[in-house]
Amino acid sequence: MNKYNANAESNLEEINVTTDCLIAIDSKGNIQGTNSAVRKLFGYKEDDLVDEHINYLIPKKYNQFLQGYLNSYINNIESSLISASKNIIVRKKNGTTLEAELRLNDINLNQKRVYVISIHPLPEPQKEDAYSPSITETMRERYDRVIKASNTAVWEYYADRDMFFLDNQIFNLLGKTFDNLNLTLKGWRELSHPDDKGRIESYWQEYLRGGDRPKEVTYRVKHVSGAWRWFRETGNIISYEKTGRPNQVAGLIEDINEKKQEEEILNRLCSLATDIELSIEEKFSDVLALGTSFFELSVGIVSHIKNDQYTVGHSYPQNEFRDCREFKLKETYCSHVFPMKSVLSWTEAGESKIQNHHYYGKQPIGSYIGTTLFINHEPFGTLAFFNKETRGRPFTERENSIFRLISQWVSAELTREKNLRKVEESQNFLLLMQKSTPDIIFVKDEEFRIVQANQAFLNLYPEEVRHTVLGTTTLEAYDENEAELFLEQDKLALLQGSSQVEESIQFPDGKTRILDTKKIRFLDDEGNKYILGIGRDITRRKEAESLLEESTERYELAVKGSSVGLWDWNIQTGELFWSERFKSIAGISDGSFTPSHEDFISRLHPDDQNQVESAINNHLENKTPYDIEYRFRHDDNGYVWLHARGQAVWNDLGNATRMAGSIDDVTIRKSAESELMRSNMELERFAYLASHDLQEPLRMVANFTSLLERKYSDQLDDKAKEYIHFACDGASRMQILVKGLLEYARIGNEADTFKTIDLNTIKQTVEDNLYASIKETGATITWPNLPTIYADPPQIRSVFQNLIGNAIKYKSKDLAPKIDIHIEPEHSHWRFSITDNGIGMKQDYCEKIFDAFRRLHRKEEYPGTGIGLSICRKTIENLGGKIWATSSLGEGSTFYFTLPRLPNLLKETRHYDS
């Protein structure tokens, strides 16, 4: 069973609170999942029915009837919110049949529409009552958990009997019961708010006129608490009488009170921001009252904090701090918040760290939510709401978002108040305000003429026509239809008091700009109506959003066409998603593997499990890169090598919530690497044996040639002595080359000698070994503070000695050698650089010099074997790093190399410098 079918079956089991059989099908009638009651009734095993058509369970003569019922529902899914039940014959696996009640409904599962068939066996043939509501008590039990989770109630209305039926969920939504759930339509409408009755009347008149279009209306109904709660009612006509008059109507009632509360807060914040009549105290009192109501807390405060002095600037209720408004910051609960930018909340303060506050014993609180207020990016004070008692439920992310919005508004008002105080002494206050804001501000009269505008507004027009804007409607360039469309929002603002719209406007300079404009109606002292408009040019933002959308589409196409497999792990739920390409690369089928982290680990090669788990934990806890190769067992029990990369997402508390990434199949490369490693080992073994065995004959040649020269020198002429000298010199140089080759071959065979080395301990040794050269040339070496690494001490010392020795050897004729060593952390490695002021070389040679026995100069000019840099490269690469060089002829050289950082040092932030 694939992931989708598995989820379907899991959800069917979850909502099944009766013994009814539940079957999930797709829009074609193919079975996606069943609950245990289906398997028990029909006698099939768990996966026997998956992907079979629903007709598989129905005798053939009923197939056409069932298909017609399904098509009728599915093709009208937007309007057919509740389906009527049907009696039908079903067939068990053993061939026996029985009569059952069948009902079809739909749910939203994993953002896909799934159709659920419920089958209720009937003990004996039953006749359906033509007037019984289709939402029976059995249906209420069956869908209770699903409906309750969505804050939605189900309703049906029968026009021929004027009966309005409600699901039990309405009790939970309103907190009360009704004497009779079978209300008349008038009885239900009487429960609504008086101001909404006209809108509801029009809504139901439209229903009774007929038509297939779904209908919707919002209105208020009184809650048991006495408060009016907002509901949205949606539905459509299910059946008609023979006369064509609508009979059965069904739909949903959704509690949208929280959304309406949010709208009220947003609208109130917008209106308060532009209301110049209210004082700052009145505005804050209004906002704090809104906050206490929304968060269901009793006290709201805005404080100012300076030099550890906490002052209550504004509070709700206003008399809450009438006795004392100043405190030491450490005596307040806001000391936990200030000056952080995040929102902190405690539903039950007594069970949080706040209970350790020394002030908790004097003035304990139950619930708290607060944050820091900033003015011009500097911490000013705090905004907080709290209660002496706990409010009984945790703060939601939606509430946190509203709280952040309120805090931003308060910060903006505090900023505005501070700025106003600075400019109130100026006679040109209004002009200064208009010039200082980047937003456009304009005022129109009832004839829609521009009577005032700030400079930002005028700047939208070419300079040569700006002086003509005031006094005009700016519509002269539009035709009649365009002008009428342009003025719609102005008319709406005059009619209902405000409007807000994103407008695309073409200005006289030929450019089209998109403005987000808020328009407010206000009256002057004589009662004349005006429109105050505040707008912001959002053209660039809209263009960026469009580019982002195009980029996202391109990314999705690229992923579909790529050769990598993608994975996504929800750490909080444990759910693991693999793309189809991932499954193909890993060699697994949908039915052979349950996507979970535990099953993933169990599929790894035993030698790789600890390594992979350690890499994942290090990434989640220390944010180290997750880049690893491991072996994964596919369905035929063989292993495939995978290269995996991943990146986690952390929440505000620093906890990882999600991790996603990709995999590549590197089996072929790993096989090649293994073969190459084997070949290299054989070559290294051969080089070692060859160089070792050459030592003795070379020593004999050198010794006997020297003996020949000493014993018979008086008998030899000058030419013979020259030949002997050449032979001795050649044998000596050959010994040096063979010794270097032997040293080169030994690299990589000393793993047992590796240990943790503080590189600072090798500085003196390197300088001691190079003492003669340093003294002779007057060289200076600048060392930084070196890190600790894991390596073979003689080998890493040889690298530094070779590179520094070369910098001294290839010095400039006119300058004493100056050698600077630097180090920088670079992800999981250290990057070293050794820079000199020597003779340098052409950049083309910077790669060739690392080849064995490659020399750029004659041995008479600069002695050496030409193998030193080859040894350096092999040593560095054997340690997991790389080495390279940059140079300019006559301007010196820089040699770079990298070495892995120790795992426990990856979190270091110390900067290494000389």
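**Briefing: helices, strands and aromatic pairs**

In helix H8, the residues Asn257, Glu262, Ile265, Leu269, Leu272 and Thr274 are buried; buried means under 20% relative accessible area, exposed over 50%, and partly exposed in between, with a 1.4 Å probe and protein chains only. The model is predicted: local features need pLDDT of at least 70, side-chain atom pairs count only at pLDDT 80 or more, and totals for chains, interfaces and linings use all residues. Residues are numbered from 1 along each chain as its sequence is written, and side-chain values use heavy atoms, with hydrogens and water left out. Helices (H or I, at least four residues) and strands (E, at least two) are DSSP runs, numbered from the N terminus.

**Helices**

- Helix H8 covers residues 257–274, and its 18 residues should span 26 Å at 1.5 Å a residue; the end C-alpha atoms are 26 Å apart, which agrees. The expected span is 1.5 Å times one less than the number of residues.
- Helix H7 (residues 197–208) has 12 residues and reaches 17 Å from its first C-alpha to its last, close to the 16 Å expected.
- In H7 the buried residues are Ile200, Tyr203, Trp204 and Tyr207. They cover an arc of only 90° around the axis, which puts them on the same side of H7; the arc is that of the directions from the helix axis to the C-beta atoms.
- The cover over the buried residues of H7 includes strands S6 (152–158), S7 (163–166), S8 (215–222), S9 (228–240) and S10 (246–255), together with helix H6 (185–189).
- Glutamine 489 belongs to helix H14 (residues 488–496) and is buried, with a relative accessible area of 16%. Leaving aside neighbours within four places in sequence, glutamine 489 is in contact (heavy atoms within 4.5 Å) with Ser499, Gln500, Val501 and Lys519.

**Strand S33 and its partners**

- Strand S33 (residues 893–900) has seven of its eight residues buried, so it is largely enclosed by the rest of the structure.
- S33 pairs with strand S31 (residues 829–835) in the antiparallel sense over seven bridges; two strands pair if DSSP finds at least two bridges between them. Isoleucine 834 has phenylalanine 895 in S33 as its bridge partner.
- Strand S32 (residues 883–887) runs antiparallel to S33 and is joined to it by five bridges, with tyrosine 896 in S33 as the bridge partner of tryptophan 884.
- The hairpin of S32 and S33 has five residues between the strands, and its glycine 890 takes a positive phi near 85°.

**A five-strand sheet**

- The strands of an open sheet follow the order S23-S22-S26-S25-S24, with antiparallel pairing. Strands S23 (576–578) and S24 (626–633) stand at the edges with a single partner strand each, so one side of each is left without a neighbour in the sheet.
- S24 and strand S25 (residues 639–650) pair antiparallel over eight bridges, and tyrosine 630 stands opposite leucine 642 in S25.

**Aromatic rings**

- The whole structure holds 22 aromatic pairs. Rings of Phe, Tyr and Trp (its six-membered ring) pair if their centres lie within 6.5 Å; planes under 30 degrees apart count as stacked, over 60 as edge-to-face and the rest as tilted.
- Tyrosine 44 and tyrosine 56 have ring centres 5.7 Å apart and planes at 45°, so the pair is tilted. Tyrosine 44 is buried, with a relative accessible area of 11%, whereas tyrosine 56 is partly exposed at 34%.
- Tyrosine 157 and tryptophan 204 form an edge-to-face pair, 5.4 Å centre to centre with 75° between the planes. This pair links strand S6 to helix H7, 47 residues apart, and both residues are buried.
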